[in-house]
Amino acid sequence: MMRKTLLAATAAAAALMAGNGSAAARDLTVVAWGGVGQEAQRAAFFEPYSKATGKAVLEDQNPVLAKIRSMVESGNVTWDLVDQESAEAVIGCEEGLFEKIDWSQIDRSKYADNVHSDCGYGFYTAGNILAYDGDRFPDNGPSSWADFFDTAKFPGKRGLWSTPKGALEVALMGDGVPVSDVYKVLRTPEGVDRAFAKLDTIKDEILLWNSGAEFLSRLAAGEYVMTYAWNGRIATVNASDKRNFKIAWQAGYTYVTDQLAIVKGSPNTAQAMEYIKFIDEHPELQAEYTNRTYYSSTSKASLDYLTPEVKENLPLIPERLKYGIAVDDEFWVENLDSLTERFNAWAAK
Amino acid sequence: MAVFARMLMSKGLASILLVAPLALFLAVFYFYPIAAFLFRGVSTEEITATIPATTVLLREWDGEGLPPDSVFAALVSDLNASAQSAAILGRRLNSLEAGMRSVVRKATAASRDLVAASPERAREGLINADPKWGEPPTWQLIHRETGTLTATFLLAAIDIQRGADGMEQRGEDALFVPIFLRTLVIAVSVTLICICLGYPVAWVIANASPRASGWLMLLLLVPFWLSILARTAAWVIVLQGTGPLNSLLMWLGVVDAPLQLIFNRFGVILVMVHVLLPFLVLPLINAIRAIPKSYFQAASNLGAPPASAFIRVVFPLTLSGVWAGGFIVFILSIGYYITPALVGGPSDQMVSTFIAFYTNQSVNWSLASALSAWLLGGMLILVALSQRVVSPMIKKVT
């Protein structure tokens, strides 16, 4: 009996080790953030890439930096390419979590400015915007971040993402800081205090969200009178769920580029680079992604393939850019930890 | 412990061998990982591993003024050895003092040109890169965090900030102490409400006919088998502003505008009570069933009216069941974080939310482990208290 169990255990252990061994030869694994974005990446990139090269692409979700850190440190790297916001791509690059991208293979002049970083190939830009339900406010809906802070004019709960990144910028805009000066003000200690003081004025009416699904369902249920949101999730849910959500672009918005980064120690670094090259060489696929998500594509050539309806709902169109400002990666790389702590303390009170 | 030892003496080797596999399993897969995680709360290894040479020299330094030039030179060579380590050092120091990330980054950049420089040049070069390297508090911070053990995180977890001029209790911006208190308040409220709601339910089930009690048990347990996420989501739908409950209240004219029933403390406690109620009811049913029916009759025969028979005879006998169930509910609710995250507002989050935050998001495992240590410590004290104080009291009553 004892021997039999022991044998079984040995066999199981052997099978487990064999499994680990073959992991080195696994398929390219690309990790995104789930939801509509991931579906769009599947249709626009994973499937065409597999078709063109005959190589399968595996998927996973939620590539948080913490998990990448533990993978790299333990040497058990199961992800190859991860979708990171630019600030995280920079932090991870500094900490040696990502491989440097071989930029000699890619012509950066074919892209919008400042979308790439040493370790990150920027492939779409999202807008962080003010959204509300057009059925609730057919006209005279909120049109500025000042409205966001005006609970007399618009009673009800407001949604903010549970991170200071974005919330502080919005607070300053609501306090009358022009969008182009937001980071100039935020870089001073008084500016940070001013942002928190502004948030404090509607503390009881703020309800934080943690995911795109959360702000969509709360907006749909009328729980939120308005919310800070990602433009793509708002635009896509209008189409898929027959909603009439509106985006107040003119209120001011920040935008952030998502980049593909190759995880250090990945057994598939060459193939990961091949995948990036594949996207680079196919601007029509980037356009496909944008047409599905309403997030701006980064390559200039892709603009020719966009549908007019999508084009006018993107964060990076020229006539809109005067309302927007790029999220300041340098500021957030430096201050994310300390401001997150302060933000948590503020929220938890 | 004493019980364990006595058992070993009396039953001998066989019993040791019988429990050995389980003990070994628990030690390897349970106690060791917990201990290792908790150790991170006092360990300095995350920092010392990034600057090994500097650490050795700093441990000999007395902490007065600026360290000797040799320490500057050691830091230069450490920063040069690995860009990754330098970045980790920056992140770790930045979590202790805002702004240190760029101070370290500038030093890392400068150190590339200082590799072969003399110690004096190393010192000048680093101070040139950022004047902070010429200020004693910067070095005292690194000195403190490269000792054998550090209390920084355990103190930070109870809002005590360690700075250049000693310790300072955070007043206005205190974070964790209010959250620990809030966690306690929520857990106690949930437990008391569970007892008030669960006692009659347990009483009815225990005294019903076998057939009826079978059905009642089923009703009690069905929600128990559903995923906690599904149950919580269901509550969101019921309680939201446009949900059925608010619609009903408004239709009846009880309220004019929708009541805020969710994303606040009310919602958190309501959903937690719903989820945890079976944990109280099940042990209580057993306790009530264990009381012979004749006790109640005996009390009545001796002239006690039903109420007083219940209060003076039956209720004391169920106290152990109330205690057992209440204790389970309390312990479980102390660690809750999914429910507050889904149905609570920002000011209803409990300690576990922050442990999860520091583990998964901000990757400050030292602080996460320090918070866990306080939570676990508090819990162990409560367990010990219940063993010492409350259990004998109940025994005395019964």
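Reader: Which residues in H15(B) meet residues in H16(B)?

Author: In this predicted model, Tyr295(B), Phe296(B), Ala299(B) and Ser300(B) of H15(B) meet Ala309(B), Val313(B) and Val314(B) of H16(B). By class, this contact of H15(B) with H16(B) consists of six nonpolar residues, one polar residue and no charged residues.

Reader: Why are H15(B) and H16(B) called oblique to each other?

Author: The axes of helix H15 (residues 293–301) of chain B and H16(B) cross at roughly 135° and come within 10 Å. An angle counts as roughly perpendicular from 65 to 115 degrees and as roughly antiparallel over 145, with the rest between these two counted as oblique, and H15(B) and H16(B) are therefore oblique to each other. The crossing of H15(B) and H16(B) is right-handed.

Reader: Is Ser308(B) buried or exposed, and how do you know?

Author: Ser308(B) has 12 other C-beta atoms within 10 Å, and a residue counts as exposed if that number is 12 or fewer, so Ser308(B) is exposed. Ser308(B) has its place in helix H16 (residues 306–334) of chain B. Between the C-alpha atoms of Ser308(B) and Asn207(B), which are 101 residues apart along the chain, the separation is 19 Å.

Reader: What makes H10(B) oblique to H14(B)?

Author: Helix H10 (residues 176–207) of chain B packs with helix H14 (residues 265–289) of chain B at an angle of about 45°, and their axes are 7 Å apart. Angles under 35 degrees count as roughly parallel and those from 65 to 115 as roughly perpendicular, with the angles between counted as oblique, which is why H10(B) is oblique to H14(B). Their contact has, by class, 23 nonpolar, two polar and one charged residues, and the crossing of H10(B) and H14(B) is right-handed.

Reader: Why is chain B called more spread out than a compact globule?

Author: The secondary structure of chain B comprises 19 helices and two strands. For 398 residues the globule rule gives 21 Å, whereas the radius of gyration of chain B is 29 Å, well over that value, so chain B is more spread out than a compact globule. Along its principal axes, the C-alpha trace of chain B spans about 100 × 70 × 35 Å, and buried residues make up 34% of the 398 residues in this chain.

Reader: What makes H10(A) largely enclosed by the rest of the structure?

Author: Helix H10 (residues 231–240) of chain A has ten residues, and seven of them are buried, so H10(A) is largely enclosed by the rest of the structure. A residue counts as buried if 20 or more other C-beta atoms lie within 10 Å of its own, and in H10(A) the buried residues include Asn231(A), Arg233(A), Ile234(A) and Val237(A). Among the elements of chain A that cover the buried residues of H10(A) are helix H2 (35–53), strand S4 (120–133) and helix H12 (283–293). Just after H10(A), Lys242(A) takes a positive phi of about 55°.

Reader: Which element gives the most to the side of chain B that touches chain A?

Author: The contact takes 25 residues from chain B and 22 residues from chain A. On the side of chain B that touches chain A, helix H5 (83–96), helix H6 (100–111) and helix H18 (351–361) are the elements that give two or more residues, and H5(B) gives the most, with seven residues. By class, the residues on this side of chain B divide into nine nonpolar, 13 polar and three charged.

Conventions: Residues numbered from 1 in each chain as written. Chains lettered and ligands numbered in written order. Predicted model: local features only at pLDDT ≥ 70, side-chain atom pairs only at ≥ 80, totals over all residues. Helix = DSSP H or I, 4+ residues; strand = E, 2+ residues; numbered from the N terminus. Rg over C-alpha atoms; globule rule 2.2 N^0.38 Å. Axes fitted to C-alpha atoms, helices over the stretch in contact; angles between N-to-C directions. Left-handed = near helix turned anticlockwise from the far one by under 90°. Nonpolar A, V, L, I, M, F, W, Y, C, P; charged D, E, K, R; others polar. Contact = placed C-beta atoms within 7 Å.
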